[in-house]
Amino acid sequence: MSEPQHAYAWQMPQWQDLQRLISVERLPHALLLSGPSAIGKLRFAQALAGYLLCESPGTLAACGECRSCHFQGEGAHPDFKEICPEEGKRQIGVDQVRSLHQFSAQHAHRSGGRKIVLIHPAEAMNANTANALLKTLEEPASGTLLILVSHSSSQLLPTIRSRCLQLSFGVPRPELTEPWLRDYVGDQVTALRLLAETGGRPLAARQVFDDDGLASRERFDQGLIALVEGQSSPLQFAKEMLDADFLVVLDWWVARLLSLSRHQLAGQALTAPSWQRFKSLPEKSVITGLERALKLRASFSRGVGLNKQLILESLFLEWTQLCQNRAVA
């Protein structure tokens, strides 16, 4: 059996908030864990589920020894249901959510009488699926707790948000995440660079390290410089970028525009020194480009069908024209 999961150290304020509600038996029927992706919200939700189903929980985690914990560790707890996009899909199906009615109607198998449903990411629901969930939220079953994890809660129906107690998670402070990441990657310099590359999101930083993503981002930067210097065309560069994972490309583009915007508005150091040449670009254009990139990333993550080549061609054509207008080379 695997060890029970703990919330990450940087999530202690949220954990303590819930502990207070649990201690006075004021836990609501639905929780919405919201905040940026790759900061550990799903881990928090899983730790909370294990804690609430545990027969002898400690202060920070489930005991890991009781029968309920054994069921949970084996992924076979009869009072726990996890709903996420099925393999190969990016959206949660309406039938998956409709199955909650039967699950909620059943009596809990373990002591305590609590059942838990974990839905992630909550924004991966289309209109029909969201409305099916809303019916469950409007008529909550006694003893059933729904935990929704969302990277973009603004995309959820207002009626869904209003029926949940929202627990917000921000990007954690580097002094809390750097030691954890340093232990994983082996040195402080690399850990700090990874955190800078990913906007301070620790799990994203770890993923970039695992995927050798620093080298990929440097290659993307070099390709962009070649583009604005006239050594390639937007069509050629877009075609080259299609060889990479589309989400990785969007993450790079978002990270670079965010770094450039922060440099222009607040004087923060650029993550990529090669982007120094773009610092004179209009601030409004950079922000507009960032907003567009964030929307594209959110749409792609939700499973919206996108023409990747056309999108990349458009992005790089607009960037080239913007640089030409400001004589950036």
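Helix H15 covers residues 308–325, and its 18 residues reach 26 Å from first C-alpha to last, close to the 26 Å expected at 1.5 Å a residue. That expected span is 1.5 Å times one less than the number of residues, and helices here are DSSP runs (H or I, at least four residues; strands are E, at least two), numbered from the N terminus. All of this comes from a predicted model, where local features need pLDDT of at least 70, side-chain atom pairs count only at pLDDT 80 or more, and totals for chains, interfaces and linings use all residues. Residues are numbered from 1 along each chain as its sequence is written, and side-chain values use heavy atoms, with hydrogens and water left out.

So what does H15 hide? Its buried residues are Ile311, Leu312, Glu313, Leu315, Phe316, Trp319, Thr320, Leu322 and Cys323 (buried is under 20% relative accessible area, exposed over 50%, partly exposed in between, with a 1.4 Å probe and protein chains only). An α-helix has 3.6 residues a turn, so residues three or four places apart point the same way. The buried residues of H15 pack against H11 (213–228), H12 (234–241), H13 (246–266) and H14 (283–302). Just after H15, Ala327 takes a positive phi of about 55°.

Phe316 and Trp319 turn up again in the largest nonpolar core, which has 35 residues; along with Leu224, Trp252, Trp253, Trp275 and Phe278, they touch the most other members. Such a core is a set of buried Ala, Val, Leu, Ile, Met, Phe, Trp, Tyr and Cys residues joined through side-chain atoms within 4.5 Å. H11, H12, H13, H14 and H15 are the elements giving it two or more residues, and H13 supplies the largest share, 8 residues. Neighbours within four places in sequence aside, Leu224 is in contact (heavy atoms within 4.5 Å) with Phe237, Trp252, Trp253, Trp275, Phe278, Phe316 and Trp319. Another core, of 23 residues, lies apart from this one and includes Leu33, Leu48, Leu52 and Phe169.

Leu33 also stands opposite Val149 in S4. Strand S4 (residues 144–150) is mostly covered, with 7 of its 7 residues buried: Thr144, Leu146, Leu148 and Ser150 point one way, and Leu145, Ile147 and Val149 the other. S1 (residues 30–34) pairs with S4 in the parallel sense over 5 bridges, pairing being at least two DSSP bridges between two strands. S3 (residues 115–119) also runs parallel to S4, joined by 5 bridges, and Lys115 has Thr144 as its bridge partner in S4.
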